[in-house]
Amino acid sequence: MDVLLWVVCFIISQILATDGIENTRTVLKTYDNSRSVLHRHKRDWRWNTLYTDEEKKTTLPHLIGKLSSTKVNGSARFVIEGEGANTIFKVDDLGDIYAWKTLDREEKSIYHLRAQIFDKITNKQLEPASEFEIKLNDINDNAPRFTHNRYNGSVKEMSKPGTSVLQVIAVDPDDSSVSGHARVTYSIIKGGENFRIDLDTGIITSSNMLDREQQKTYELIVRAKDMPDYEGGFSSTASVIITLEDINDNVATFTKKQYTISVLEDRPIGSEAGMLQIEDKDEPQNTNPMFSFVKRDFRGLFDVVSDNITKNAVIVLKQPLDYEKVKTYTMEVEVTEITTVPPGKREVQGNTRAMVFLNVIDVDEPPVFQRPSYFFSIFENASLGTHVGSVFAADPDEARKSVRYSINGGNAITINRDSGSIKTSNNLDREMNAWHNVTITAVEDGPGGKESTVSMFLKVLDINDNSPKLDYEYDLFVCANARPGKVIQTIAASDKDEMTTGQKLSFYLDHAHSNFSLVDNHDNTANITLKQGGFNPDEKKTYFLPVIISDNGKPQLISTYTLEIVVCGCDANAEAEAYSCRGLYKETRVSAHALAVILLCIVAILVITLFIVIRKFKKDSLVSLGKSSGEIHEQLVSYDEEGGGEMDTNGYDVSVLNSVRHNSMRPRPEAQPGPCLYATVQKPAAKGDMAVMIEVKKDEADHDRDGIPYDTLHIYGYEGSESLAGSLSSLESASSDSDLDYDFLNDWGPRFNTLAELYGVDGTENGYEY
């Protein structure tokens, strides 16, 4: 039908094209006869659509059609505009349109143009513009084209026949309205033994159950053809690669029937002892083997598991190996696997069981102690060299090397390096160290000998060698008006020795006391209770209570304490008074620290006193020098033993002594080396020479820091060092802080005028005027 429709359309187009040409000729003929005969014509274009075949096999340009109008005359000129005008399509003065290029409908099937007619002379438009089309008639000149040059598809192996794999698509650019030009059919021209393709849709399906282990991929050649009802037409091909997806449809098997594995005997627990290689035709992600021992005898020693990557069987140690006990293990391992193929579909090919021979390799092992640790005990009063116990370690290897021992940690015990015998090497005291934890090392003889260590714990057993002691120093007080039965204090004691179950300390008095009693509480404490009261603090202030404490051990040890109980005067508020009395008593007691401070103070006082005595002794020695020195005494005596009063001024001028008090505050120059000036002065031959001597003494007092003023030496020389008059030194009397008052000298009369002036007494007091 499509072909018939195409033929009809072609014939009609040719008739229209022929009719157009004839009409044009009629118009021209009518125009030529118009000069003689006037005819009226309808003004109208005589065409609408022009048709031509694509890919026309003629020389260019080739005629497509002709434009015609009632206005055409000898001076008419045709003009076309639009798609391809004056390039692809051109028109001549007669209205014939020519194609100057081979046309392809698949590129453009319709061209839209516009035609106009102008007068050549006047260039006047003879006819309004009119639209027209040029349509290209399709021919089957294109083959179907696949969307891909190569298609890839996949399907699971062992899929049922008819399972869809993929779809191929081809497109024909020819006109689909023309019968058969663009209709595409599909077929497999190569590799169609196991697959089928739908003729119209291009869907490829499986036709058989396929096994990936036999063939993984299949390649097909697919053809697409147009005009399927005709022998002719065009076609194209594409390749299709189909891959079978793996499923777990094969059981894993061992690559060998037996395996031999060697492993060192010191291999740690949990490590790999060996690997058994397997094979599985399935891909690794679909390989899930499970392994087990055929006999359960080895489940306690080994375990067999699957490796996460290779999926091989791995034998893992669960117990340590010992070459000296077992040198070879023989075991059988089985592999199983759950598959998706129903039983009976496929036979198992390969070894699902394998024998394994595991050989243990000997290594040089360190000595092994008989015990993981050692515990011994000994009494604390054991003498030096007492046997504590023995340790033993042996070489587990076949060589059976001898072992030497040493001990690390502490100095309380020693070990015999050959026998492992342990003895005490120091005195043991449970109260200082109840446990001794040491490390014993065993080393094989020979160079590079292996060694191992073990812990030894020595417990020191207690003996009763410590007497019980009070826990505190108790300050005991009792009110004078306290009632009988009152608990004065609960005392507690403890014992450094180990207290066995039920063993308690016992408390009792050395002898019965008339005022106090001691009650044992049987829990290592005792109550001091008032037996009878009525104390008189004025008569007796303190009572002493002898307390004995026994530890009930073997041998029994006792301790005796004398507790001091102070009586306090209390009123109705007994407790408050007791505490007040206790505080006062504490203040009066001197602690050891206070006593030490007091002793230090006493020593300091003694040192200071000794220093003062020494300085006084030096001073007295100078005074005694005045008494014993005949030279000084003679000069003073020759001056005047009786004293001359104011008449003494005839012998020397006493006023020169005033210079002493005026110069006492001035700094003294350092003493010059050489003999004392006093010693170099000769005795005065007459009284007039005394003035020279006084001047020398004054100068000596002014310049000698350690010298004693002359007048003081004079007084001490006569009165002695113990004189109640004290020193009349001008140096001391000149000080402003002196307690002596010399106003009374004015009352003694004119004889003491000079002395009063020396001590700064106002001579005009009391009406006397000198």
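Start by selecting β39 and β40: five bridges join these two strands, and they run antiparallel. (Strands here are DSSP E runs of at least two residues, helices are H or I runs of at least four, and numbering goes from the N terminus; two strands pair if DSSP finds at least two bridges between them.) Before you go on, note that this is a predicted model, where local features need pLDDT of at least 70, side-chain atom pairs count only at pLDDT 80 or more, and totals for chains, interfaces and linings use all residues. Residues are numbered from 1 along each chain as its sequence is written, and side-chain values use heavy atoms, leaving out hydrogens and water.

Now click Ser517, and look across to Thr529 in β40, which stands opposite.

Next, show Val478, Ile491, Phe516 and Ile528. Of the 31 residues in the largest nonpolar core, these touch the most other members. (Such a core is a set of buried Ala, Val, Leu, Ile, Met, Phe, Trp, Tyr and Cys residues joined through side-chain atoms within 4.5 Å; buried means under 20% relative accessible area, exposed over 50%, partly exposed in between, with a 1.4 Å probe and protein chains only.) β42 gives this core its largest share, five residues. Apart from it lies another core of 26 residues, including Phe302 and Tyr329.

Last stop: Leu606, in helix α3 (residues 592-628). Leu606 is exposed, at a relative accessible area of 56%.
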